[in-house]
Amino acid sequence: MTTKGTSIGRVRGLGSARHGARQWLLERFTGLASLFTSLYLLVSLVMLSDLQYATVREWIAQPLVATVLALFVIANFWHTRLGLQMVIEDYVHEGANKFATLALLNLAVFAGAAYGLLCILRLALGVA
Amino acid sequence: MANAANRAINRPLSPHLQIWRWGPHMAVSILHRVSGVILSIGGLGVLLWWLGALAGGPDAYATFTGWMWADLAHLDWHGGAIVASLVKIVLKLTLIAISWAFFEHTLSGVRHFVLDTGAGYDLDTNKAWSVAILVLGVVLTAAFWALLLLK
């Protein structure tokens, strides 16, 4: 790498990476998915006669509800990953702490989403 | 190296929270972040516990509802059960906080979609919608709990 010029001049010379809008767009896409799925689940859940085990189980076992719930889990863990990443980047500045918190976040959202999806699958396919 | 450290310390800072006079638009903005963090940690945590309990069977579900959905009118206030009763009250408050965070975050999220189109930046409009979201967030939370409890 050349060391000519001021640091800002070098950065300008490189230009933008042209994918700066990706995270911004993904935050909107996952937000929209979360909006639609959560409204469906909220209305559907409130309309249940009660919240006893058998009632809720039967409700989740329906293919449509199970699908929406799975999409809800994916959208929300993805949205949480993007959102908390932004919060961490704003408040955690020290290199090692930043790497550690971001690593923890990424491991946690994948683990959480995997567990949620597996539970829904089990309920939908009637193994439990 | 010492020079670089000095430069970092002396960099001009932008005016921070305590400089500005608080307005509803600022409140909505920071509450979007606060409610987002509540939903990320509390909301998704309870969601996973709920799904796990359902997949675990009737006993696991009874344990879940016993803690998260406790009947506050019939708590045990004797001996060691006092701690459990206090936890159940905290969990109930957590659940109320999560439901508020959901409505607040959803409403201000929709506000962000509108702002993304370039609309709603007019000072009066911006303020009016910010106030409306703050009020509506609390109203919807109250309505949701009324609907659940009065069923």
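Mentor: First, a term we'll need: helices here are DSSP runs of H or I with at least four residues, numbered from the N terminus. And keep in mind that this is a predicted model.
Trainee: Okay. Where is Ala73(B) found?
Mentor: Ala73(B) sits in the loop between α3 (58-68) and α4 (81-116) of chain B.
Trainee: Switching topic: how many residues does each chain bring to the contact?
Mentor: Chain A brings 21 residues and chain B brings 17 residues. On chain A, α2 (21-46), α3 (53-61), α4 (63-91) and α5 (95-125) each supply at least two of the residues that touch chain B.
Trainee: Which helix gives the most to that side of chain A?
Mentor: α5(A), with 7 residues. By class, the side of chain A that touches chain B has 13 nonpolar, 6 polar and 2 charged residues.
Trainee: What about α4(A), how many residues does that helix have?
Mentor: α4(A) has 29 residues, and from first C-alpha to last it reaches 42 Å, close to the 42 Å expected.
Trainee: Which of its residues are buried?
Mentor: Among them are Leu69(A), Phe72(A), Phe77(A), His79(A) and Arg81(A).
Trainee: So what covers the buried residues of α4(A)?
Mentor: The cover includes α2, α3 and α5 of chain A, together with α2 (24-56) of chain B.

Methods:
Residues are numbered from 1 along each chain as its sequence is written. Chains are lettered from A and ligands numbered from 1 in the order in which they are written. This is a predicted model: local features need pLDDT of at least 70, side-chain atom pairs count only at pLDDT 80 or more; totals for chains, interfaces and linings use all residues. Two residues are in contact if their C-beta atoms, placed from the backbone, lie within 7 Å. Ala, Val, Leu, Ile, Met, Phe, Trp, Tyr, Cys and Pro count as nonpolar, Asp, Glu, Lys and Arg as charged, and the others, Gly among them, as polar. The expected span of a helix is 1.5 Å times one less than its number of residues. A residue is buried if 20 or more other C-beta atoms lie within 10 Å of its own, exposed if 12 or fewer, and partly exposed in between; C-beta atoms are placed from the backbone.
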